[in-house]
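This briefing concerns the packing of nonpolar side chains and the pairing of charged ones. Please consult the sequence and the coordinates alongside the text.

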Amino acid sequence: MPTSEPDRVPGRRTAHFAVVDPATGETFDEAPDQQPDELDAVVDRAHRAWRGWRADPAARTCALYAAADAVESAGDDLARLLTREQGKPLAESSAEIARTAARLRYFAELAPRTRRITDGRPVHSEIRWRPLGPVAAIVPWNFPLQLAAAKFAPALAAGNTVVLKPSPFTPLATRLLGSVLAAALPEDVLTVVTGREPLGARLVSHPGIRHVTFTGSVPTGRAVAEAAAASLARVTLELGGNDAAVLLDDVEVDRIADRLFWAAFRNCGQVCMAVKRVYVPARLHAEVVEALAQRAKTVAVGAGLDPDTRLGPINNAPQLARVEQVVRQALAGGARAAAGGHRLDGPGYFFAPTILTDVPPDSAVVTEEQFGPVLPVLPYRSLDEAVAAANGTGFGLGGSVWGTDLDRAETVADRLECGTAWINHHAELSLAQPFAGIKNSGVGVAGGPWGLYGNLRPFVVHRPQEA
Ligand code: NAD
């Protein structure tokens with residue numbers, strides 16, 4: 001990774017910021033700290049590249065396939081770098097890169113459909129779809145490459161160009177991805193910019209940007225929506241979640257415990273649609289707590305580069321502090337840690353996988369998004385009470401219902417106020433399905449054809465029918 005390179009503002013050299021390995025807590029590299037005044041040139045180049053890119057759908061398809069191949073060829077380097085800066089086990093990084101390539105191929109195949117509308121009058125309207133222009137894509141640190149691809153693959157397939165800004169906690173794999181993709185895509189069709197705030201704030205309010213697609217926390221999402229209002233750019237927001245899993249009284253605990261555990265703890269719990277609260281019939285509560293605690297106590301926690309590791313560190317020091325704080329607050333309020341409950345000794349941002357019981361329902365670990373390896377398990381007496389609690393936060397990303405009678409489980413799932421409800425699993429998404437949170441969890445729709453149309457505008461030609 002270059003440590004010092006000339007930037008495009010004449011006469012100035014770009015400063016750099018440190019990138020920390022969360023498994024050690026030590027700086028291991030640095031990334032360019034680009035400044036907001038560099039964005040005019042970046043967006044201008046994205047505009048110029050747009051003219052050629054939007055003109056030839058067949059060439060776009062070929063380029064996106066070539067981009068997917070290039071990502072796979074660089075897979076090992078990308079995976080190691082991703083694990084180094086993000087912390088996740090190497091196998092999960094490799095899976096993230098596979099999903100990045102899969103997204104490029106999926107959207108390479110998609111094309112919008114022209115439709116003709118007649119309504120009895122001697123005219124018809126033809127609806128064609130046009131790209132929007134340069135798109136600003138801003139992503140968080142939990143899945144830097146996969147979430148970036150979820151934005152740039154549909155945007156590029158639709159004929160837009162993209163300026164992509166990763167989180168300052170995870171800029172390096174995205175920079176490498178940018179240079180890998182540059183070999184397959186025309187110049188300036190996808191540009192990666194890295195830097196600390198206010199780089200993102202300036203990007204989303206830039207007058208040359210026509211669509212802001214953002215994934216991150218609710219407070220930042222609000223700030224992004226306000227900033228984008230300056231240029232009235234289209235806004236898509238994929239924000240936080242506080243997904244509940246509701247276990248029914250016919251659930252077979254042994255059969256679902258592994259799946260439920262990993263639905264909460266994958267990527268060290270740093271998943272927008274992880275299970276973040278579990279509601280269990282009072283009769284089964286002790287059994288479920290025991291099954292989850294046994295897994296939390298025995299799962300292999302360590303550096304992501306160690307092949308035995310199943311659970312890595314938390315990505316960054318502020319997030320570790322936040323997890324510690326919500327757990328400490330819950331314990332002070334009367335909760336009990338059936339497993340974990342503390343950070344691990346030694347270097348790095350490690351927190352012991354934690355199962356909490358006797359948790360006051362108004363604790364932050366229940367009402368807010370903890371985004372770490374912590375899971376509160378709460379007993380319920382009636383299904384109505386469980387559904388009301390599951391729906392009782394400001395979030396509405398996903399939810400799940402677990403039981404043996406699938407029809408009954410589906411009836412309960414139908415009552416969840418969220419964008420996706422799963423039965424007997426959680427957080428599994430197909431590339432072809434829409435993904436949209438409600439309430440504070442988001443605005444707009446990503447995924448599948450909906451993701452493509454989210455990057456297009458209708459253009460209507462109205463003409464008389466032939467005589
Ligand atoms: P964050 O909101 O702090 O940062 C997200 C991105 O926004 C980063 O790139 C950051 O540098 C940038 N940013 C910060 N301030 C900005 C501003 N004023 N204007 C524009 N950009 C700005 O989120 P995070 O801590 O990096 O990520 C964790 C959050 O992301 C969690 O809440 C999680 O639920 C959410 N998330 C949601 C989804 C989803 O699809 N719904 C997926 C993954 C993560």
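The points below treat the nonpolar cores and then the salt bridges. The model is predicted. Its largest nonpolar core has 58 residues, and the structure holds 21 salt bridges.

**Largest nonpolar core**

- Among the 58 residues of the largest nonpolar core, those that touch the most other members are L104, F152, V162, L164, L181 and L185.
- The element that gives the most to this core is helix 5, spanning residues 144–157, with nine residues.
- Domain 1 (16–239 + 432–462) and domain 2 (243–423) each supply at least three residues to this core.
- Leaving aside residues up to four places away in sequence, F152 touches L104, V162, L164, L177, L181 and L190.

**Second core**

- A separate core, the second, consists of 31 residues.
- Its members include V246, L320, V326 and Y349.

- In general, side chains of opposite charge can pair when their charged atoms come close.
- K276 and E369 form a salt bridge through their side chains, with an N to O distance of 3.0 Å.
- This pair links distant parts of the chain, the two residues being 93 residues apart.
- K276 belongs to strand 11 (residues 275–281), whereas E369 lies in the loop between helix 12 (364–367) and strand 14 (374–380).
- Both partners, K276 and E369, are buried.

- R336 counts as partly exposed because its relative accessibility is 45%, a value between the limits of 20% and 50%.
- D358 likewise counts as partly exposed, at 47% relative accessibility.
- R121 and D119 form a further salt bridge between their side chains, at 3.0 Å from N to O.
- R121 is partly exposed, with a relative accessible area of 45%.

Key: Residues are numbered from 1 along each chain as its sequence is written. This is a predicted model: local features need pLDDT of at least 70, side-chain atom pairs count only at pLDDT 80 or more; totals for chains, interfaces and linings use all residues. Side-chain values use heavy atoms; hydrogens and water are left out. A nonpolar core is a set of buried Ala, Val, Leu, Ile, Met, Phe, Trp, Tyr and Cys residues joined through side-chain atoms within 4.5 Å. Buried means under 20% relative accessible area, exposed over 50%, partly exposed in between (1.4 Å probe, protein chains only). Helices (H or I, at least four residues) and strands (E, at least two) are DSSP runs, numbered from the N terminus. Domain bounds come from an automatic or database domain assignment. Contact means heavy atoms within 4.5 Å. A salt bridge is a side-chain nitrogen of Lys or Arg within 4 Å of a carboxyl oxygen of Asp or Glu.
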